[in-house]
Each structure stands twice: as structure tokens, then as C-alpha cells.
Amino acid sequence: ATPTALMVGTGRGAQLGILIKGPEVLESTRRVDTVVLDKTGTITTGRMTLQEVHVAEGTDERELLRLAGALEHASEHPVARAVAAGAEERVGPLPSAEHFENVPGRGVRGRVEGREVAVGRLYDDLPEELARARSEAESGGRTAVVVGWDGTARGVVAVADAIKDTSAEAVRQLRALGLTPVLLTGDNRAVADSVAAAVGIAPGDVIAEVLPEDKVAVVRRLQGEGRSVAMVGDGVNDAAALATADLGLAMGTGTDAAIEASDLTLVRGDLRVAADAIRLSRKTLSTIK
Ligand code: ADP
Ligand code: MG
């Protein structure tokens with residue numbers, strides 16, 4: 001590839017809303033045959049809202065919301081924002097949390113009003129009524145997190161966000177380019193399956209409940225199968241996998257960590273532009289030969 005043609009490709013990329021780290025990036029784009037897509041914030045808007053609250057017998061719903069909301073207020077996670085905003089809307093101003101601790105891919109812990117509160121996937125044992133509430137929410141495509149304090153799970157709150165209206169079209173375009181789309185998420189399997197079905201990703205290509213540090217291992221495993229992997233993500237938890245992929249694409253609407261780890265940035269956060277990027281690099285490189 002001549003430098004001039006690559007520069008032209010880079011300029012055209014900017015017009016399409018693609019920021020390219022360096023012209024050489026276009027070369028690796030050409031070989032890609034698999035595209036790994038993060039769920040929250042990539043296929044979905046990432047703007048979650050609180051949908052349901054279930055409390056165990058004997059637990060006060062307002063108290064549960066106050067404690068969960070206070071703790072989640074200290075986290076940037078999309079689930080946390082939804083819980084904090086929904087709690088504040090329902091119960092008013094929230095107290096503050098101390099000893100806040102983020103457990104990546106699992107949830108948050110901390111002290112609120114003298115109680116040791118946890119929100120997320122941090123309890124092994126759930127009373128049956130809560131386990132049922134959780135699985136019903138999840139089979140409806142919602143993300144359910146458990147709220148508890150002082151060692152006991154006391155409620156389940158469910159949040160959900162919308163699939164971007166461009167995602168199904170983007171998956172169709174990626175397929176038309178001969179790429180296999182794979183969904184990779186830390187969220188639970190039922191939610192992942194329902195999002196995959198809605199955008200046209202095959203059930204066998206859904207990888208769910210993956211801890212942030214294991215996303216890299218998934219990319220490496222696919223590479224080990226001889227695949228050339230592009231990864232699209234937006235979160236801090238995607239950064240290492242974006243750097244490991246043969247081609248990393250960040251959502252411009254995402255975190256700085258994801259953008260810094262990537263080769264390309266999709267400025268407007270429109271997944272269809274991932275297909276444009278691959279089309280552009282193929283065209284740029286074929287006119288050069
Ligand atoms: P994704 O891969 O979809 O971006 P993450 O790896 O960030 O998801 O999170 C995976 C799961 O961990 C969430 O679906 C949620 O169940 C739980 N989780 C993570 N952070 C929090 C939080 N701050 N509060 C509650 N649950 C959380
Ligand atoms: Mg994400």
C-alpha cells in the first residue's frame with residue numbers, strides 16, 4: 001500500500017465519522033473475519049433505567065432503594081446510574097456512602113447508614129422468592145441485580161436499556177461483508193440471548209457472563225482458532241480486549257480507556273460505521289495493488 005492511498009483512506013474515514021490512529025491500521029482491517037461486539041453501550045444505548053423492584057418479605061422497599069441508590073451513586077456503571085437515578089426519583093435525596101468499593105463485572109460494596117451494603121452479583125444464596133423475581137426479569141431481557149446488607153440478600157432490582165435502532169442493520173451489513181458477529185458481555189445469558197436474537201446474532205455466537213478480565217481470554221481463544229478478530233466496545237472493561245484484538249474499534253460515545261486502547265473510533269457511536277470502516281479499508285487497499 002502506498003502512503004498516499006492510505007492517507008486518502010484516512011481522510012475519507014474522517015468524513016464517515018471514523019477516527020483512525022494511523023494509516024497502517026487499514027491493513028489489519030482487511031484480514032478481519034470475526035467481529036466481537038460488546039453489549040451494553042455498543043449494541044444497546046447504555047442508558048439504562050430502573051424498571052422493577054422486588055423485596056424479600058420483611059424488607060421495606062423505600063429503605064432498600066435508599067441504600068442501593070446511595071451506594072450506586074458512587075459508581076459510573078450504566079447499571080449503577082439507573083439504580084441511583086431511579087431510587088432518587090422514588091425516595092428523594094440519597095444519603096452518602098463510605099468505604100465504596102467497585103468489584104469489576106460484579107457490582108459494588110460499601111457502607112451506608114451503618115450498614116454493609118452490596119449491589120450486583122455478589123450473593124451466592126438467594127431466598128426462593130428473589131431467585132424467581134430475578135429469573136423472570138432476566139428472561140424478559142432485563143438485567144437484574146441483587147441488593148442486600150449485613151450479609152443477607154434482601155431484594156432484586158431490574159434495569160434495562162434499549163437496543164440502538166441502528167444495531168440490527170449494522171449486524172446485517174457486517175455479515176454481508178463476510179464477517180461472523182459474536183456477542184460478548186458480562187451480563188447474564190438470558191439478557192444476552194434476547195439482545196442477540198433482536199439484532200440477528202446466532203445463539204451459538206453469544207458469550208455471556210464473562211468477567212472484565214476474561215474478555216481478553218475470549219479474544220485470544222478466537223485468535224487461537226485461526227480467526228482474525230475485530231472487537232467493538234465502549235467500556236473500561238473492554239479496553240484490554242480492544243487492545244488484544246487484531247483491530248480494536250471504540251464507540252466515540254464510550255470511555256477514554258476504550259478509545260485509547262483502540263485502533264479506530266466510531267465518532268458518533270453508530271455501529272453501522274464499523275461496516276463502513278471495513279468497506280473503506282478494503283477499497284483503499286484494493287485500489288493500491
Ligand atoms: P458489560 O459487559 O455488558 O458491559 P459488565 O462486565 O460491566 O457488563 O457488568 C456485568 C454485570 O455485573 C452487570 O450486568 C451487573 O449484573 C453486574 N454489575 C457490574 N457493575 C455493577 C454495579 N455498579 N451495580 C450493579 N451491578 C453491577
Ligand atoms: Mg459496554
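Two strands count as paired if DSSP finds at least two bridges between them, and the strands (E, at least two residues) and helices (H or I, at least four) are DSSP runs numbered from the N terminus. These legends describe a predicted model, in which local features need pLDDT of at least 70, side-chain atom pairs count only at pLDDT 80 or more, and totals for chains, interfaces and linings use all residues. Residues are numbered from 1 along each chain as its sequence is written, with chains lettered from A and ligands numbered from 1 in the order in which they are written.

**View 1. The seven-strand sheet.** Here 7 strands form an open, mixed sheet, in the order β1-β13-β12-β11-β2-β9-β10. At the edges, β1 (18–20) and β10 (206–207) each pair on one side only. Look for β2 and β11, which run parallel and are joined by 4 bridges; Val-35 stands opposite Ala-230 in β11.

**View 2. Helix α9 on that sheet.** α9 packs on the sheet and touches β2, β9, β10 and β11, where contact means C-beta atoms, placed from the backbone, within 7 Å. The direction of α9 makes about 155 degrees with that of β11; axes are lines fitted to C-alpha atoms, for helices over the stretch in contact, and angles run from 0 to 180 degrees between N-to-C directions. Which residues of α9 (215–224) are buried? They are Lys-215, Val-219 and Leu-222, buried meaning that 20 or more other C-beta atoms lie within 10 Å of the residue's own, again placed from the backbone. Down the axis of α9, the buried residues fall within an arc of 60 degrees, so they line one face of the helix; the arc is taken over directions from the helix axis to the C-beta atoms. After α9 comes Gly-226, with a positive phi near 90 degrees.

View 3. Joining β3 to β8 (152–160) are 6 bridges, and Val-53 stands opposite Val-157 in β8.

**View 4. Where the domains touch.** An automatic or database assignment sets the domain bounds, giving domain 1 (3–45 + 163–286) and domain 2 (49–160). The contact takes 12 residues from domain 1 and 8 residues from domain 2. On the domain 1 side, α8 gives the most, with 4 residues.

Conventions:
Two residues are in contact if their C-beta atoms, placed from the backbone, lie within 7 Å. A residue is buried if 20 or more other C-beta atoms lie within 10 Å of its own, exposed if 12 or fewer, and partly exposed in between; C-beta atoms are placed from the backbone.
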